Amino acid sequence: MARQPCRFPQARNPERGSGVFRLTVRNSMAHLDSEVKEECLREDLKFYFMNPCEKYRARHQIPWKLGLQILKIVMVTAQLVRFGLSNQLVVAFKEDNTVAFKHLFLKGYSGIDEDDYSCSVYTQEDAYESIFFAINQYHRLKDITLGTLGYGENEDHRIGLKVCKQHYKKGTTFPSNETLSIDSNIEIDCVHLDLEAFSRNPQDWKNSSFFRLDFYRLLKVEISFQLKGIDLQTIHYRELPDCYVFQNTITFDNKAHSGKIKIYFDSDANIEECKDLNILGSTQKNTEYVLVFDAFVIVICLASLILCTRSIVLALRLRKRFLNFFLEKYKRRVCDADRWEFINGWYVLVIISDLMTIIGSILKMEIKAKNLTNYDLCSILLGTSTLFVWVGVIRYLGYFQAYNVLILTMQASLPKVLRFCACAGMIYLGYTFCGWIVLGPYHDKFQNLNTVAECLFSLVNGDDMFATFAQIQQKSVLVWLFSRLYLYSFISLFIYMILSLFIALITDSYDTIKKFQQNGFPETDLQEFLKECSSKGQYQNESSSFLSCICCLRRKGSSDHLMLIN
């Protein structure tokens, strides 16, 4: 409806009337300008808080960001699946070689590790045989191995074995007389056995004084060597093979001096660039296709990053306009919750995901081209970015009221849950320290703090309860009784009380959200401002595009601020 022009009565005094007329016109123009600015701000705010479908119905604006995000989900997921299948080959090759090395270099290895070590020996003869067996197997490697293995250089750029022994400097022990005389200073002696030494004197190295061990002084013997291998299984999947360097260490641990020497085998595999690859077939062409696909993913993520960053910048400008207008008209500041309404957390999540995907894709391209070999960092970046991408799908489900309950319930219950977990965590830490110090000597699951925390967390979830009760050693009646009191009290407290209260907090938030959805959410200053629109019929369902927050109501008697953001 057209605005009617203003009419003013004619003044009797020309000079005085003209001044009043100019003042009145100036005030009227200022008032009209203020109304126009307010109306423009209101319409801009309404449009900003619309979902893509509402924006299209209102201004026929094509939701480019929505289409781009859907395309990005498909592309990033396909990229991750492709990289995951390739990474599986790397993990399988490392694990298979580690198992093969244990069977090759450990005498009497059964195929199953004993606790955290591979195997053990109990006599001096078995200890000598195990040491000599590992050295002989290294010498005969090319004649006995089934893999594509070769000798590698150690840190001294020498090919061969490095054998080191640690022992106390000197001492004598007489267990029958309960006497001990020992120098606690530790000496380390090392010897290098290269392939030439094996070829010249096949058995003479065994008779050297270095291998005459005083077991009462011996702490450990360490055999280290490098092997190189090529992963040829990747060729069957039309990928370039990787070259590996295995840093192997065999440790004979006698620090406990308990009559049992534990044998540890550690293999650290590093991937290196193959110096000369000459592979015929379609492998090279397939690699080029994958690199082009990764480059396209980078372009998609870069476009998404630019669009989301632009949206955040525009939102900050719009917030500044609203804050200045609200302060000028109503002479008070907008509450913090309304300020945060303009910061779209989903856009921040998308920006972080895009950055991680771009960096991860660049690393993946370098790995594919065999210029880099850092699979772990690339896996973390691509895996986390894909997680964020799929979590971001919840944003679009949140446009529907039935699916929005999960988001609102999580946001409403998060502050209460965090405060509750902080209190429950103190009790949990107390049980962790208590179980470690009391039950550690009598139970395998309580030997260190890490395993104690994992064991207690499993008990809270109802896992492995009977085994935890049954494995306690009944060497001390007092400790056995304490373990029963400890376990029963922990399970009763955390499962029947703390876990029930934890669920009750979330249920209470869920009931509050359901009630708000039925009766309407409390309105904030921002929503009240948007309701004062003269053309309410121009847009439909505007008020459902974003939700309110209770903290703006300035309630008394409650410290819980419920933020409800769409």
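## Annotated transmembrane regions

An unreviewed UniProt entry places the feature "transmembrane region" at residues 289-318, 339-359, 379-397, 417-439 and 485-506. Two of these spans can be described from the coordinates of the predicted model. Residues 379-397 are 95% helix and 0% strand, and the end C-alpha atoms of this span lie 28 Å apart. Residues 485-506 are 100% helix and 0% strand, with a distance of 31 Å between the end C-alpha atoms.

## A nonpolar surface patch

Met426, Leu429, Phe433, Trp436, Ile437 and Leu449 together make a nonpolar surface patch of about 600 Å². The element that gives the most to this patch is helix H12, which covers residues 405-439 and supplies five residues.

Leu429, one of the residues of the patch, is placed in helix H12. Its relative accessibility is 43%, and Leu429 therefore counts as partly exposed, because that class lies between the 20% limit for buried residues and the 50% limit for exposed ones.

## Aromatic pairs

The count of aromatic pairs in the model comes to 24. In one of them, Tyr244 and Phe246 are stacked, with 5.9 Å from centre to centre and 10 degrees between the planes. Tyr244 counts as buried at 1% relative accessibility, and Phe246 is likewise buried, with a relative accessible area of 1%.

The rings of Phe482 and Tyr486 have their centres 6.1 Å apart and their planes at 25 degrees, so this pair is stacked, given that planes under 30 degrees apart count as such. Both residues belong to helix H15 (residues 477-519), where they are separated by about one helical turn because they stand four residues apart. Phe482 counts as partly exposed at 28% relative accessibility, whereas Tyr486 is buried, with a relative accessible area of 3%.

## Aromatic cluster and a charge over a ring

One aromatic cluster is formed by Phe93, Phe101, Phe105, Tyr138, Tyr151, Phe225, Tyr244, Phe246 and Phe265. Tyr244 and Phe246, the stacked pair described above, are thus among the members of this cluster.

A contact of another kind involves Lys165, which lies over the face of Phe210 at 4.8 Å from the ring centre.

Terms used
Residues are numbered from 1 along each chain as its sequence is written. This is a predicted model: local features need pLDDT of at least 70, side-chain atom pairs count only at pLDDT 80 or more; totals for chains, interfaces and linings use all residues. Side-chain values use heavy atoms; hydrogens and water are left out. Patches are made of residues with over 30% relative accessible area and no salt bridge: like charges are joined within 9 Å, nonpolar side chains (Val, Leu, Ile, Met, Phe, Trp, Tyr) within 5 Å. Accessible areas come from the Shrake-Rupley method with a 1.4 Å probe; for residues, only the protein chains shown count as cover. A salt bridge is a side-chain nitrogen of Lys or Arg within 4 Å of a carboxyl oxygen of Asp or Glu. Helices (H or I, at least four residues) and strands (E, at least two) are DSSP runs, numbered from the N terminus. Buried means under 20% relative accessible area, exposed over 50%, partly exposed in between (1.4 Å probe, protein chains only). Rings of Phe, Tyr and Trp (its six-membered ring) pair if their centres lie within 6.5 Å; planes under 30 degrees apart count as stacked, over 60 as edge-to-face and the rest as tilted. A charge sits over a ring if NZ of Lys or CZ of Arg is within 6 Å of the ring centre and within 35 degrees of the ring normal. UniProt positions are given in the numbering used here, feature names are shortened, and annotations may be inferred rather than shown by experiment.
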